[in-house]
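Please examine the following protein and consider how its parts are arranged.

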Amino acid sequence: MRRRFIAVFRSRWLQCAMVAMALSYASECVNRNEPYWETDVAYLHWSTDVPAITVCSAASGLSADRVGPPMMRSKPMFNEIDNTLSVNIIQRTNEFKKKDSTILCKNMFKNCSWNGKPFNCCRHFHSHRFIIETPCFSINSLQTINKKKKLVVSHFSKNGELKIEFNEPVEISLHGLVDVRFGELQKQYVTVNTGEEVELLYTTRQIIEDVSLVALDFAKRGCLLRDEKKLFHHPVYSKSACLLECALYRPEVYAKNYTLCDCPPICAEMEINNIWNGTQRSVDNVTRCILTMSKPATERLVMKAKKDYLDIIVIVACLLQLFTGINLLDIPKFIFKKK
């Protein structure tokens with residue numbers, strides 16, 4: 001093998017030099033490769049996902065800090081960051097499992113409708129896997145035990161209005177489909193008190209990951225791809241779900257510094273922009289919340305790598321064909337050709 005390689009090098013030294021240059025250029029392309037974001041405006045060909053909507057009971061432990069405007073609170077809603085954190089969550093979860101979640105759901109929800117069409121609230125709002133503070137139910141979430149209705153808004157439907165009526169005061173959070181209401185997301189909510197009608201208008205913009213990102217390592221991406229990291233309890237990875245499992249299994253690490261939990265963000269995210277929200281006394285004295293996506297998204301960001309593996313292979317093949325007249329498949333033929 002060694003003699004054959006030396007013989008090929010002596011007889012075809014120029015081609016070997018050009019092969020080395022092509023491979024060197026390919027290596028440089030890999031080292032200089034980096035992500036970029038491309039705007040996709042072909043909104044007629046895709047629909048906009050409605051954010052996951054989480055509803056939690058606000059009947060117990062209501063304080064002035066918890067009824068303030070969203071993003072205006074001085075302290076996090078959940079500050080139990082000691083070694084008893086995991087014990088308390090597991091205890092609350094076990095107590096919840098002993099109860100009938102359907103009855104709890106019916107005690108919370110009264111009526112639900114999507115774009116004016118009624119639907120069964122408790123058939124599509126499902127409980128979380130863990131009870132962090134109070135029982136919560138979510139729709140459009142990929143992290144709930146059961147997944148039923150998927151709410152989307154297309155360009156032709158114009159808007160998406162979710163109207164929910166309740167039997168008790170609640171806290172409502174909008175977040176990404178793969179997120180759970182834990183950590184920083186616990187501070188982002190709207191409180192609906194008894195007899196109030198809260199209306200919230202929002203828009204979203206999604207960040208989609210392209211297949212070319214596999215050509216980049218995590219250090220260059222700064223985020224995780226889908227299915228790149230698995231969690232124990234949650235079917236889909238997200239930073240908030242990872243932090244929750246860190247708080248469960250490594251409470252001392254989470255209590256010391258949650259950044260040590262090794263929970264990087266994901267590449268495919270959803271930006272939720274609150275346009276307007278208002279609260280007033282309902283005319284019929286019904287506790288109600290109206291969540292409206294004011295208009296479907298007309299653009300989304302696609303995160304890509306400047307060069308993927310196929311681009312690099314094509315570059316190498318073209319350089320070899322141009323300067324040496326050989327094909328990529330000719331290289332192993334030169335080396336392993338029988339005498």
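What percentage of the 339 residues of the protein count as buried? The share is 44%, where buried means under 20% relative accessible area, exposed means over 50%, and partly exposed lies in between (1.4 Å probe, protein chains only). The model is a predicted one, in which local features need pLDDT of at least 70 and side-chain atom pairs count only at pLDDT 80 or more, while totals for chains, interfaces and linings use all residues. Residues are numbered from 1 along each chain as its sequence is written, and side-chain values use heavy atoms, with hydrogens and water left out.

**Overall composition**

The protein contains ten helices and 15 strands; helices (H or I, at least four residues) and strands (E, at least two) are DSSP runs, numbered from the N terminus. A contact means heavy atoms within 4.5 Å. Among contacts between residues at least 6 apart in sequence, 78% join residues at least 24 apart.

Strands of a sheet pair through backbone hydrogen bonds, either parallel or antiparallel. Strand β3 (residues 52–57) pairs with strand β10 (residues 170–175) in the antiparallel sense over six bridges. Cys56 stands opposite Glu171 in β10.

**Aromatic pairs**

Rings of Phe, Tyr and Trp (its six-membered ring) pair if their centres lie within 6.5 Å; planes under 30 degrees apart count as stacked, over 60 as edge-to-face and the rest as tilted. The count by this rule is six aromatic pairs. Two of the pairs are set out below.

| Pair | Centre to centre | Angle between planes | Type |
|---|---|---|---|
| Phe109 and Phe137 | 6.2 Å | 80° | edge-to-face |
| Phe232 and Tyr249 | 6.0 Å | 85° | edge-to-face |

Phe109 lies in strand β4 (residues 109–114) and Phe137 in strand β7 (residues 136–139), so their pair ties together parts that are 28 residues apart in sequence. Both Phe109 and Phe137 are buried. Phe109, Phe125, Phe137 and Phe166 form one aromatic cluster.

Phe232 lies in the loop between α6 (218–221) and α7 (239–249), and Tyr249 lies in helix α7, so this pair ties together parts that are 17 residues apart in sequence. Phe232 counts as exposed because its relative accessibility is 68%, whereas Tyr249, at 47%, counts as partly exposed.

**Two crossing helices**

Two packed helices are described by the angle between their axes and the distance between the axes. The axes of helix α3 (residues 85–97) and α7 come within 7 Å and cross at roughly 105°. Axes are lines fitted to C-alpha atoms, for helices over the stretch in contact, and angles run from 0 to 180 degrees between N-to-C directions. Helices α3 and α7 are therefore roughly perpendicular to each other, a term that covers angles of 65 to 115 degrees. Leu85, Ser86, Ile89 and Ile90 of α3 make the contact with Leu244, Ala247 and Leu248 of α7.

Key. Pairing = 2+ DSSP bridges. Parallel < 35°, antiparallel > 145°, perpendicular 65-115°, else oblique.
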